[in-house]
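Let's take a walk through a protein model together. Have the sequence and the 3D view open, and follow along as we go.

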Amino acid sequence: MTAVSRAGVDPLTFTWGRALLGQYDVLHLHWPDHLVSGVAARRFVKAIAAILILLRARLLNIRVVRTVHNENPHGESTSAVRIVLRLADWATTHWIVMSPTSETPRPTRRTFLVRHGHYLSEVPDQLPEQGDGLLYFGPIQPYKGVEALLRAVLEGPVPRATLTVVGRLDSGVLPAALLERARQSARVELRFEHVSAGDLSHAIASSAAVILPYTRFTNSGAMILALSHGRPVIAPETPVTRWLSEEFGPEWVVTYSGMLTGAKLSESLAAVESFCRAQRPDMSAWAWDAVGRETVQVYVSKA
């Protein structure tokens with residue numbers, strides 16, 4: 001919000017009363033499904049309120065801007081969520097994507113590229129020296145590819161690779177036998193917990209590279225966070241990671257094709273070790289002031 005404020009917009013914090021009855025020119029949505037999150041008893045009321053907000057916006061010609069983050073909602077896909085998402089797709093007048101390869105639920109020429117802002121301001125001044133291990137961080141969900149990553153480290157020809165996994169583990173995501181093997185391995189450290197920003201910065205800085213073996217890759221704040229710390233990222237080759245590799249350079253975004261295996265992990269590690277790189281990648285195009293200016297351009301676009 002500070003970035004768009006500096007660019008000349010007066011941002012208003014969302015409240016149900018303001019959204020239903022207040023005066024504003026633009027309604028900017030990020031995760032419409034979050035409008036109907038929470039306990040089941042309140043979802044119906046929230047869904048009705050969200051529907052009224054979206055209908056009011058269209059009736060009053062309020063510009064509805066939607067930033068596309070993920071292909072699918074993070075949470076439970078209830079009937080209320082599906083209804084609100086379909087109505088939000090219909091009500092959206094202008095779309096923001098964070099990579100030129102992203103698709104919108106309703107294709108239109110009113111689609112604008114606004115990059116994900118960097119995290120340089122959140123990187124502590126004092127960080128540990130770069131280590132020699134791999135780090136995965138973030139929630140451990142089926143599409144994140146952590147099972148394949150553990151198998152690649154435990155079963156592949158990567159005797160020198162060590163891996164730290166940091167993040168909340170949802171029940172049943174990883175096979176019990178694989179978890180037991182990982183816990184017994186000297187090359188794997190498992191931290192199934194939510195950590196503080198300071199602890200996460202320490203973990204990123206202490207790694208040789210961050211690995212994000214997602215089976216679906218739309219956008220990734222985790223990758224931008226790792227790059228903000230000056231750590232290269234290993235990720236599967238997809239349209240968006242190819243674009244990010246072009247943006248930051250192949251020395252910062254190292255990609256592999258297909259399913260992750262021990263052999264592909266070994267090749268990726270060799271590529272990480274072979275590159276000479278600056279202390280941090282050039283993230284000037286990802287500065288928050290640039291994000292603010294580009295977002296305001298969407299708000300006032302004549303399209």
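## A buried charged pair

Arg66 is buried, and Asp89 is buried too; buried means under 20% relative accessible area, exposed means over 50%, and partly exposed is in between (1.4 Å probe, protein chains only). A quick word on where this comes from: it is a predicted model, where local features need pLDDT of at least 70 and side-chain atom pairs count only at pLDDT 80 or more, while totals for chains, interfaces and linings use all residues. Residues are numbered from 1 along each chain as its sequence is written, and side-chain values use heavy atoms, with hydrogens and water left out.

Back to our pair: Arg66 makes a salt bridge with Asp89, with the closest N and O atoms 2.9 Å apart. Because Arg66 sits in strand β2 and Asp89 in helix α4, the pair ties together parts that are 23 residues apart in sequence. Helices (H or I, at least four residues) and strands (E, at least two) are DSSP runs, numbered from the N terminus. A salt bridge here is a side-chain nitrogen of Lys or Arg within 4 Å of a carboxyl oxygen of Asp or Glu, and by this rule the count comes to 8.

Here are three of these salt bridges.

| Pair | N to O distance |
|---|---|
| Arg66 and Asp89 | 2.9 Å |
| Glu147 and Arg151 | 3.1 Å |
| Asp170 and Arg168 | 3.6 Å |

Glu147 and Arg151 both lie in helix α5 (residues 146–155), 4 residues apart, about one turn of the helix. Glu147 is partly exposed, at 30% relative accessible area, and Arg151 is partly exposed as well, at 31%.

## Around Arg66

What is the bridge partner of Arg66 in β3? It's Trp95. Strands β2 (residues 63–67) and β3 (residues 94–97) run parallel and are joined by 3 bridges; two strands pair if DSSP finds at least two bridges between them. They belong to an open sheet of 4 strands, in the order β1-β2-β3-β4, with parallel pairing. At the edges are β1 (26–29) and β4 (111–113), each pairing on one side only.

Now for helix α4 (residues 79–91). Its axis and that of helix α3 (residues 40–59) come within 10 Å and cross at roughly 10°. Axes are lines fitted to C-alpha atoms, for helices over the stretch in contact, and angles run from 0 to 180 degrees between N-to-C directions.
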